Amino acid sequence: MTAPLPKRIIKETERLQTEPVPGISAQPHDDNARYFDVMVQGPDGSCYEGGVFSLELFLPDDYPMTPPRIRFLTRIYHPNIDRLGRICLDVLKNNWSPALQIRTILLSIQALLGAPNPEDPLNEAVAKQWKENQGEAIKTAREWTKLYAQPKQ
Amino acid sequence: MKFGQEYQRVLATQDFPEQWRESAIEYKHLKKCIKKIHQELQSLGLDADTLRQMSEWVGESQAEQNDSKGYYSAATPSLASVPEEFTPQLRVLVDKRTGMPLDATLAPDTKSALQKLAKHEMMSAGRRDYLGASTPSNHAVRKSSVVGDTMEGTIMEAEDARWVQVPLASAKDFFDLLEPKLQDLEILRTAETEKLEEDILDLGDAVENVVQPVREGYEATRKLSYRDLYFWREMFRLYTENPIFYSGTESRRGALTFNEAKSRLQAYDAQLREIGLLEKMKTPQAKRAAQQFLDLNVNILRIMHFQEMNARAMTKILKKFDKRTHLEGQLFLKNLRTKYPALLTNSGKQSQMQSAGGFANSIARDLSAEIATKVLAIVPQPEDWDCPVCYSMAWRPVSLGCCRSVFCIRCIIKLQDEGMKRCPVCNQESVMKADGRNIDFEAMDFLQKYFPMETKKRQKENEKAALVRDYGEGFVKSGCAMQ
Ligand SMILES: [Zn+2]
Ligand SMILES: [Zn+2]
C-alpha cells in the first residue's frame, strides 16, 4: 500500500490547474502524483524568449521539509544550469522554506532565465564565456533556444 | 431594438422607486437638444466638415494649452480645471480690431457669421472689463508663433490676434439638462450605498446571532446551531467561489455587468435550492437571516441595473452629441470623471471584458467589499486557518512570535526534528526555541468553536503522528490506533 498523498500536495496540484501561472505549466503523472512534467516559457526580452523548456519535478517523501527535486530536460545554455539540467538556485538548496511551493519555485526558475548570474556558476565553461564575451554567450543561448527549445507542434 | 426604446422600456417596466426614476437621464429630451445644436451650427455656416477641420487645427495639442498650435477650437479651453458648468465653446482666433476669423480656409458666409458673434463677444467682454469684472478666459491673448499651412508662414503677433470664445446657446441647454441628472445619480448612489451598507451591518448582526451559541461553547443549544454554522459556511463558500457583483481574480478584476451579475445570482439561488440549504437550517433565525442575505443581493442588483442603464444612456447620448455636433462631448466626460470619481465609464478599451458602467461599477465594488468584511468574515472558512506548511488546519495552533503566521504543532515539531531553524514564512530563527508556551490558546479557542468537526479530526491525526514519531510506523499500523 502506498502512503496516501498529503493534503498539501493535493491542494497545490489543484491550484496549479485552476489558477495556472502564465508561461508555466506543471502536470502530475497519472501513476505518480509526486512526479510532474513541467513546461516553462523563456521570459520575454531574455535570450530564451520564444523557447519552451521542459523540466521534470519530483516531490520527495519529506516534501515540504525538503525542496522539490527539479531539473531541465531541454538543453539550455545558461551559467547556472549544468549539462545534466541541474539548477543552481538558492531556494532549491539552503534557502528552501517549507512555505514555498511548486508555483513559487517555478517562478524563481523563470526569473533565473531572465537574469543569468555568472558570478555563482554551476556550468563553469558557460559562466566563463558569459563573463568574457557576453555578446557571444547570449548569441549562443539564443541559438540553443532555437535549436532545442522549440514548442512541439 | 433601438437603445432609446430599450431604455424607456426598462425604466417603465422595472420595479424602480419613483425617486430613482426622477433622477434618470432624459434620453429623448437630450436627443431633441442635439437636433437643435445641429440647427444652430448650421445657421452659423458650421457644417460637419468645417467643424471637423477646426478641431483638427487644434488636434493633439489640446491637452497642452501652452503650445496650442491651432487657431480654432471647438473644445472647452480649460481642461485642467473643473468648471461648475460645462459649456462647449467655440474658440476662434480673430483679428483683434475687426473680429475677422484668421482661418483663410473658411467659407465667406461662415466667416462673416463668426465675425458677428466674435464682435459681439468682444464687446461684451470689453464691457465686463470696464465694469471691473474679471475676464472669463485667460486665453484671450495668446502668443502664438506657430502657424499652420494656411497662414503661409506669416508670424502672428499676439497684439494683432486674440481668442474669442463664442458660446453656443443650444449646446448649453444640452449640458444644463445632462449635468443635474448626473448630480442626482451621484446623490442616489451615495444614498443607496449608505442604505445598503446599513442592511449589510444588520445582516452581519443576524448572522452573528445565528452562529452565536457556538461561540458560547459546549452548551445544550450547541447541537442545533452548530449544524447551522456549517450550513452558513457552505452558503458563504459558494458565494465567494463565484462572486456575483465583483470579480477579483488575476485574469479578471472589476465589476460585472448587470446581466452577468443577474445570471450569477440566479445560478447561486438555484444552487442553494438544489442543496436545500435553506430548508436544512434548524432555527427560524437562521432561515430569516438567509432570506435577508438573498434579499440584500437582489437589492444591490436592482440599483446596479438602474445605474448601468443610466450610464449607457449617458455614453450613447454623448456619442450622438459628438457625431452630430463635433463639439467634443468626450471632454465633458473627462470633466465628469474628475468631478465624480465614483463614475467609472466602461471604455472597453483596456480589456476585452465588459464591466459595469457608470456608478454601477463603484456600487458593485464597494458593496462587495462591505459584504466580505462585515458578513462573510463572520463565518470563517477553514482555508483561512491552513497551516502554511502542511495546508491542513493549523491545529493545534502555534505562533512562533516572529510573524503573524499560525502553524500546526506537528509541523513545528517536524521542523525542530529536522533542525530547520528558520520560520518558513518570515525566515527568522524562531523555530528552535518554540515550546508549549507558543501554543496560541486564543486561536485554539476560536478554532474549537468555529470548526468543531475539523479540530476533532485533526486532533486524532496529531495523536497518531505523535505515536509514529515516538514509537515508529509499525506501532501504529499493527496497533488498534489505526481504524
Ligand atoms: Zn502544519
Ligand atoms: Zn515568522
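Contact here means heavy atoms within 4.5 Å. This is a predicted model, in which local features need pLDDT of at least 70, side-chain atom pairs count only at pLDDT 80 or more, and totals for chains, interfaces and linings use all residues. Residues are numbered from 1 along each chain as its sequence is written, chains are lettered from A and ligands numbered from 1 in the order in which they are written, and side-chain values use heavy atoms, with hydrogens and water left out.

**Stop 1: two helices in chain B**

Select residues 284-325 of chain B, helix α10, then residues 359-374, helix α12. (Helices are DSSP runs of H or I, at least four residues, numbered from the N terminus.) Their axes come within 8 Å and cross at roughly 160°. That makes α10(B) roughly antiparallel to α12(B) (an angle over 145 degrees).

Now show side chains. From α10(B), the residues in contact include Phe293(B), Leu296(B) and Ile300(B). Among their partners in α12(B) are Phe359(B), Ile363(B) and Leu367(B). The contact residues of the pair divide into 11 nonpolar, two polar and one charged. (Ala, Val, Leu, Ile, Met, Phe, Trp, Tyr, Cys and Pro count as nonpolar, Asp, Glu, Lys and Arg as charged, and the others, Gly among them, as polar.)

**Stop 2: where the chains meet**

Here 11 residues of chain A touch 13 of chain B. The buried area is about 1,100 Å², with 60% from carbon and sulfur atoms. (Buried area is the accessible area, 1.4 Å probe, that two parts lose on being put together, summed over both.) Pick Arg8(A), Lys11(A) and Met65(A): in chain A these lose the most area to chain B, together 46% of what that side buries.

**Stop 3: chain A**

Select residues 4-150 of chain A, where UniProt (unreviewed entry) places "domain: UBC core". The end C-alpha atoms of this span lie 37 Å apart.

Methods:
Axes are lines fitted to C-alpha atoms, for helices over the stretch in contact, and angles run from 0 to 180 degrees between N-to-C directions. Angles under 35 degrees count as roughly parallel, over 145 as roughly antiparallel, 65 to 115 as roughly perpendicular and the rest as oblique. UniProt positions are given in the numbering used here, feature names are shortened, and annotations may be inferred rather than shown by experiment.
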